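Let's take a quick tour of this structure.

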Amino acid sequence: MTATFTLTGPTPTTDGASAAPPTGATVQLSAVVKAFAGHTALNSIDLEVAPGELVALLGPSGCGKTTALRSISGLESIDSGRIVIDGVDVADTPTNKRDIGMVFQAYSLFPHMTVLENVEFGLKMRKVAAARRRERALETLDMVGLTKHSERFAHQLSGGQQQRVALARALVTRPRVLLLDEPLSALDAKVRVQLREEIRRLQTELGITTVFVTHDQEEALAVADRVAVMRDGRIEQIGTPEELYATPTNAFVADFVGLSNRMPAELIDGQVHLHGCTLNLLGDPMPDGPVLALVRPEDIALSTEGIAGTVISSSFLGSLRRTRVRLDDGTVVAIQHEVERHPLPGEAVTVRLKGAPVSALPAKAKN
Amino acid sequence: MSANQAVRIGAEPSALARRLILGIIGAIFLIPVIAMIEFTFRNGLAGDYTTSHWTGLFSEDSARTYRGLYQAIENSLVLAAVTVGIVLVLLLPTMVLVHMQFPRLKRTLEFICIIPITVPAIVLVVGLAPVYSVVVQVLGGSTWTLAFAYGITVLPYAYRAIQSNLDAIPVKTLSEAASTLGAGWMTVLWKILLPNLRRGVLAASFISIAVVLGEFTIASLLNRRNLQTALLQVSQSDPWVAVIFALAALALAFVLLLIIGRLGAASPSRRKS
């Protein structure tokens, strides 16, 4: 029997934009714990994702970000805690009943089906009538710009095209939640940037609540409304990209998000004393004593006077230049500056701190 | 070891060497077959040739004479079908389940499936005889019950064919992707995994058929009548007909292997077109 199926997402206008409000669900994780053979992958995680919001889970390998995503999808059961989607605890709901869309890190198109058949699959599972199914699948393929490849098979597509089809396949049912498990990590740099922008555009247009797992901080900062930085199964900090970058609550976040120079300093009365400058400390208070100050490359400048050093290398990065300088005390720092200035290796320079607040690590800490 | 030596050891044989190897192996297989064909045209010990052994097969008399042989062929085909059924219904889902949910059991399953190849058929029969005394009481003494034993003897071949296919596709990712799209376990197995395991499943099925059609020892020792036991019996009265049927069985096995190769090599796009 063929049942009717209402697609809950807004219909995009011809220019690709949508005037409809967000239709995504609220996702809440409360005290979620998951352990694998004695290793705690998720250590009492709390997370709330608002309707239509894109939250990135960012962290190093093994921090639990993929486990968190798989727990939301139901591909991984949890040991304790609650996973609530739109007010309903789904911890015991099987994956195929959760109404989610997911894009995997590995290419996951069904090899025996054409692109169109792949995209139609989710609608078929929902018993959408064949004509409507085809129409909807072609519409979604159009959104990712692959209509003309609809009769091809996965092995006839590039990696980027395969992931765009996977995205269309995940979006075609207008799921309540879209889960992206490092979908760009197998792609080359240029395609990654293109596709992440496409993901963001579609997610915004359709208003689908999205959780995006990545270990690439640039990717997370570029696409997410909020970023949750994870370590050892815990969320260290969650906030907008700007908050995380400007006001990290601890040294791990400061070190993981963006580039930081580690410079030996002294903490006295809650202030960091570094090469004659007194800087405010970001994050939690620390006991006085020797620390490693985490200074952003853009918070150090090449100047006519200040700390003496010798240029090690200088890299052109397009709109800016990054120069590595060995200071006289042996510390190596990266400095971000305008491209017009082109220091040469071996050149004697002086640098100065701009005075921005810094995070700090205990002097003997490794991270 | 020098780099040159390493290259020499790892180098492919030359085209001539390859042709030579292929020619020798081909001759080893072909000479007996050609001899069998030649034998079927011999006119007794007279030294000349005749087609009467072939044409005689289609006479009314031969239908009566070889009724038992035809019955044995039917038995073997039924046995092949039931054995393939056992492989598809029991072995395939077990292997998929172990591959996806219990990967730690993979080695154990492999070990169990390989065992039959290490046990001589005669030893297997000694073990199976008491089991079959119970089988006869429960299911009767029909020849098809031999398929339970054959289901064991084909395990190593069927296992290897399916496992190599399972290893070649991302089973976990595909089934997880299907689940997130709303597919239940049976749909995943039927619509996603089976089409992608087609090559392995077909290979396992055809190899099972070939093994069953060629099986003699177990059927003979358990007093069942299949193609091979019937051929032995016929050969005692009419060796030409026995050889003709043996050739037919060989041809069938050859065709099956060709089909495996053709289907396995076909890409999705070519199949589609």
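Count over all chains and you get 22 salt bridges in this predicted model. As background, side chains of opposite charge can pair when their charged atoms come close. Here are some of those pairs, and then a look at the pocket.

**Salt bridges**
- A:Arg201 pairs up with A:Glu205, with their closest N and O atoms 3.1 Å apart.
- Those two sit four residues apart in helix α5 of chain A, so about one helical turn separates them.
- A:Arg201 is partly exposed at 35% relative accessible area, while A:Glu205 is buried at 12%.
- A:Asp255 and A:Arg262 also form a salt bridge, 2.3 Å from N to O.
- Over in chain B, B:Lys106 meets B:Asp167 at 3.4 Å, N to O.
- B:Lys106 belongs to helix α6 and B:Asp167 to helix α9, so this pair ties together parts 61 residues apart in sequence.
- A network of salt bridges links A:Arg70, A:Glu76, B:Lys172 and B:Glu176.

**The largest pocket**
- The largest pocket holds about 560 Å³ of space.
- Its lining has 21 residues, and among those nearest the centre are A:Gly74, B:Met100 and B:Glu176.
- Helix α10 of chain B gives the largest share of that lining, four residues.
- Sorted by type, the lining has eight nonpolar, eight polar and five charged residues.

**One residue in a helix**
- A:Leu123 is found in helix α2 of chain A.
- From A:Leu123 to A:Thr247, the C-alpha atoms are 44 Å apart.

Methods: Residues are numbered from 1 along each chain as its sequence is written. Chains are lettered from A and ligands numbered from 1 in the order in which they are written. This is a predicted model: local features need pLDDT of at least 70, side-chain atom pairs count only at pLDDT 80 or more; totals for chains, interfaces and linings use all residues. Side-chain values use heavy atoms; hydrogens and water are left out. On a 1 Å grid over the protein atoms alone, a cavity is a set of points where a 1.4 Å probe fits but cannot get out, and a pocket is an open set with protein on both sides within 12 Å along at least five of seven lines; lining residues have an atom within 4 Å of a point. Grid points are joined across faces, edges and corners, and a volume is the space filled by probe spheres set on the points. Ala, Val, Leu, Ile, Met, Phe, Trp, Tyr, Cys and Pro count as nonpolar, Asp, Glu, Lys and Arg as charged, and the others, Gly among them, as polar. A salt bridge is a side-chain nitrogen of Lys or Arg within 4 Å of a carboxyl oxygen of Asp or Glu. Buried means under 20% relative accessible area, exposed over 50%, partly exposed in between (1.4 Å probe, protein chains only).
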